[in-house]
Amino acid sequence: MSGILEGKRILITGVLMESSIAFHAAKLAQEQGAEVILTAFPRPTLTERIAKKLPKPAKVLELDVTNQEHLDRIAGLVKAELGGLDGIVHSIGFAPQDALGGNFLNTPFESVATAMHVSAFSLKSLTMSLRELLAPGSAVVGLTFDAQFAWPQYDWMGPAKAALEATSRYMARDLGKDDIRCNLISAGPIGSMAAKSIPGFAELADVWNHRSPMEWNMADPEPAGKGVVALLSDWFPKTTGEIIHVDGGLHAVGA
Ligand SMILES: NC(=O)c1ccc[n+]([C@@H]2O[C@H](COP(=O)([O-])OP(=O)(O)OC[C@H]3O[C@@H](n4cnc5c(N)ncnc54)[C@H](O)[C@@H]3O)[C@@H](O)[C@H]2O)c1
């Protein structure tokens, strides 16, 4: 039986460790028949090491989404490798330490601006730098952490995720006419590098132990990866501007 991404060419950002949601998205995408190309930050060597654990080889390209030169050259490099693209996975988030961990009221704008640039604006800048390669029927998929609520410790990543969610809706608005979809997976807490950099992340994650309708395993990024692959596939052909929760159902309950 062929996989749900058979013949698709997918660029995946955000593979840093085996705990990265993007690593699981890449693994599952390859298993489902996709040809995958990875981008790396801060160094290709780290991502190349993790990429060896994927079922198939994957080329790694350096990409810092705040570096305009990197954005300007990425399409040429991807075109040389794959000819075109059928999907992009944006699995990128960052906020400086003083924008996290209960310092919300004191964070300077420079730190807020960095969080917004890396975590939200980059969904647009990355997609548009690859726009010429995206075939009709392509899907852009990003990762959010439910921005409807103010969470403990999450601080300015919250407004950054709210900006990401709104950016995704506007991208859906503007790219729909070209048959390009843009959707997000809203994942529950995963013990990745990004999570570990949030002081007090355990307190935030503990909310799931008490309130999640389904049992939630913070050490398992695979459910989020499966959601990403589903949205990349042809099985959501008329879904765009959507946010699918892969959070054990926590978003649905009040207490
Ligand atoms: N871990 C969680 O609890 C959780 C929950 C919901 C959503 N998310 C989101 O999932 C996505 C992936 O995070 P993760 O949990 O897999 O952690 P991760 O640390 O494995 O991945 C974060 C990635 O962001 C990349 N990155 C940071 N700055 C960058 C830059 N300037 N240019 C390019 N890439 C850059 C890092 O290289 C890293 O690969 C993020 O958007 C994150 O906010 C995570």
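Predicted model: local features only at pLDDT ≥ 70, side-chain atom pairs only at ≥ 80, totals over all residues.

Trainee: OK, which residues come nearest to the ligand?

Mentor: Ser20, Phe41, Lys161, Ile190 and Ser192 do, out of 26 residues around the ligand, where a residue counts if one of its heavy atoms lies within 4 Å of the molecule.

Trainee: And which side chains have an N or O atom by a ligand oxygen or nitrogen?

Mentor: Lys161 has a side-chain N or O atom 2.8 Å from an oxygen atom of the ligand, and a polar side-chain atom of Ser20 lies 2.6 Å from a ligand oxygen. The protein buries 94% of the 820 Å² that the ligand exposes when taken alone, with areas from the Shrake-Rupley method and a 1.4 Å probe.

Trainee: What does the shell look like by class?

Mentor: It has 17 nonpolar, 7 polar and 2 charged residues; here Ala, Val, Leu, Ile, Met, Phe, Trp, Tyr, Cys and Pro count as nonpolar, Asp, Glu, Lys and Arg as charged, and the others, Gly among them, as polar. Helix H6 (193–196) gives the largest share of that shell, 3 residues, where helices (H or I, at least four residues) and strands (E, at least two) are DSSP runs numbered from the N terminus.

Trainee: Where does the ligand sit?

Mentor: The ligand sits in the largest pocket, meaning that more than half of its atoms lie within 2 Å of the pocket's grid points. On a 1 Å grid over the protein atoms alone, a pocket is an open set with protein on both sides within 12 Å along at least five of seven lines, a cavity is a set of points where a 1.4 Å probe fits but cannot get out, and lining residues have an atom within 4 Å of a point.

Trainee: How much space is in that pocket?

Mentor: About 1000 Å³, a volume being the space filled by probe spheres set on the grid points, which are joined across faces, edges and corners. Of the 41 lining residues, Ser91, Ile92, Gly93, Phe94 and Ala194 are closest to the pocket's centre.

Trainee: Switching topic, how many cavities of 30 Å³ or more are there?

Mentor: There is 1, and the largest cavity holds about 40 Å³ of space. Its lining includes Phe145, Trp151, Trp208 and His251.

Trainee: What about the backbone, which peptide bond is cis?

Mentor: The bond from Phe41 to Pro42 is cis, with omega near 0 degrees, and Pro42 lies in the loop between strand S2 (35–40) and helix H2 (44–51). Separately, Gln153 has a positive phi, near 70 degrees, although Gln153 is a residue other than glycine.

Notes: Residues numbered from 1 in each chain as written. Heavy atoms only, no water. Polar contact = N/O pair within 3.5 Å; in protein donor to acceptor, adjacent residues only side chain to side chain.
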